[in-house]
Amino acid sequence: MLRIYDTRTRRLEDIAPTRALRMYTCGPTVYRSAHVGNLRSYLLSDLVRRVMERQRVRMLVCQNITDVGHLVDDAEIGEDKIVLQARAEGRSTLDIARSYEDAFRRDTAALNLRPPEHTPRATESIDLMIELIAKLMEKGHAYAVPDGSVFFAAETFPPYGEISGNRLDALKPGHRVEGVDHRKRFHADWALWKHSHRELAWDTPWGGRGFPGWHVECSAMSLRYLGDHIDIHTGGIDLRFPHHENERAQSDTAAGHEVVRRWVHGEHLLFDGRKMAKSTGNVVLLQDVAAEGLDPLAVRLAFMEHRYRHQMNLTWDTLRAADRTLRRWRARVAEWAESPSAPMAEQWVRRAEAAFDDDLDTPSALRALRELERDESVAPGSKFESFLHLDQVLGLDLSTEIGKARVLPPGAAELLEQRARARQARDWDAADRLRGELAELGVKVADTPDGQTWA
């Protein structure tokens, strides 16, 4: 049984196996390429899915595509780069958004993230949002202002703040470019609908042409595609406030009860010790990793070396180390595949599976695999079965080298020649050092009376 940390209750909670489990994941805002920091939060939902499917639970997952909302909201204060890009290229903003959406799908496929059952776009779900806003207005949780904008009345939802700890009585008015928004009845109210006559704008029954606020889209889509009882809601830690607080208030007041049972958040990713953001000039894309000659799944492996809710500092050195481990494991699995089949190594498999169930403790699971790899008492066929079984959760494509012709990785041939010369010169220290370097590349060296051999 999976136990996972619920941000709202502040404790580990059981996710009991059932016949079906509904999960919502906050998806990408497609006005720029997703960097590897963004992608880490999507691995979280993929791991939840894989662990539950291993327990024979059918998953129903919805992940939205934000192609309108705060994307256009930023344009209202002159900061939306997608609008400027569209004008410069003579294309519509939706054309630009679709290209970023396609890039996101390629990245998630490269990381072996299983696709959700539903990926609704905001622009194709406007009717759902208008219907939800009208319902909130009817129930007294939202109000329209003269220009046609609509605000959620935050004070009508007393539990506000349970996810993030930011209670309404402690919140202070935010700083706006044009000053305090006097249209609001209470400073913590937020916009469900924003008056606008820009390119992406729609008419409403209450007479306000405009576009939806960012938060309302997730409520409308999750209620439509998953219903009003959702088992798990995932997202990055930065979405706790205000996005998830606002989303919870909208969904719960519309449904009349608690909609989401467990709120699960992944921590921030640093790169070389600094925040990964365009504003800091510290952005690494998955295509940058591939351009360095590294397997994109090295990113997945590097992520899993840390717990999802622990802040992580990624570096090029850690990515290169993960790439070497990935290639070595694939080579070893291909080597073990040639041995007689044997039952899985239960001790190691149980350890890894227990780690998965313990709040997705992937670092402990990976340690179990490393120890299994080195355990000479375990038959090669048993290692083969164990590694491939656990790869159903790890998602590292460890079987890809099975049956392929042996090809040395770059640089290995030179190291083998150096080691042969070192052995001829009886420089055993150098030979041992070179054996270790070859092992890091996934090449196993053995010494025979006829010279060294490799696998």
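Modeller: Two strands count as paired if DSSP finds at least two bridges between them. The model is predicted.

Biologist: How many bridges join strand β7 to β8?

Modeller: Strand β7 covers residues 190-195 and runs antiparallel to β8. Within this pair, Trp193 stands opposite Pro212 of β8. The number of bridges joining β7 to β8 is three.

Biologist: Which are the edge strands of the open sheet of four strands?

Modeller: The order in this sheet is β5-β6-β7-β8, and the pairing is antiparallel. From one strand to the next, the twist averages 20°. An edge strand here pairs on one side only, and that holds for β5 (142-144) and β8 (210-212).

Biologist: At about what angle to β7 does helix α7 run?

Modeller: Helix α7 is formed by residues 240-255. The strands it lies across are β6 (150-152) and β7. Its angle to β7 is about 90°.

Biologist: Are α1 and α9 roughly parallel or roughly perpendicular to each other?

Modeller: The axes of α1 (residues 36-54) and α9 (residues 297-304) come within 10 Å and cross at roughly 75°. Angles of 65 to 115 degrees count as roughly perpendicular. The two helices, α1 and α9, are therefore roughly perpendicular.

Biologist: How many charged residues does the contact of α1 with α9 have?

Modeller: On α1 the contact residues include Leu39, Arg40, Asp46 and Arg50, and on α9 they include Arg300 and Phe303. By class, the contact has seven nonpolar residues and no polar ones. The number of charged residues is four.

Definitions and conventions. Residues are numbered from 1 along each chain as its sequence is written. This is a predicted model: local features need pLDDT of at least 70, side-chain atom pairs count only at pLDDT 80 or more; totals for chains, interfaces and linings use all residues. Side-chain values use heavy atoms; hydrogens and water are left out. Axes are lines fitted to C-alpha atoms, for helices over the stretch in contact, and angles run from 0 to 180 degrees between N-to-C directions. Angles under 35 degrees count as roughly parallel, over 145 as roughly antiparallel, 65 to 115 as roughly perpendicular and the rest as oblique. Contact means heavy atoms within 4.5 Å. Ala, Val, Leu, Ile, Met, Phe, Trp, Tyr, Cys and Pro count as nonpolar, Asp, Glu, Lys and Arg as charged, and the others, Gly among them, as polar.
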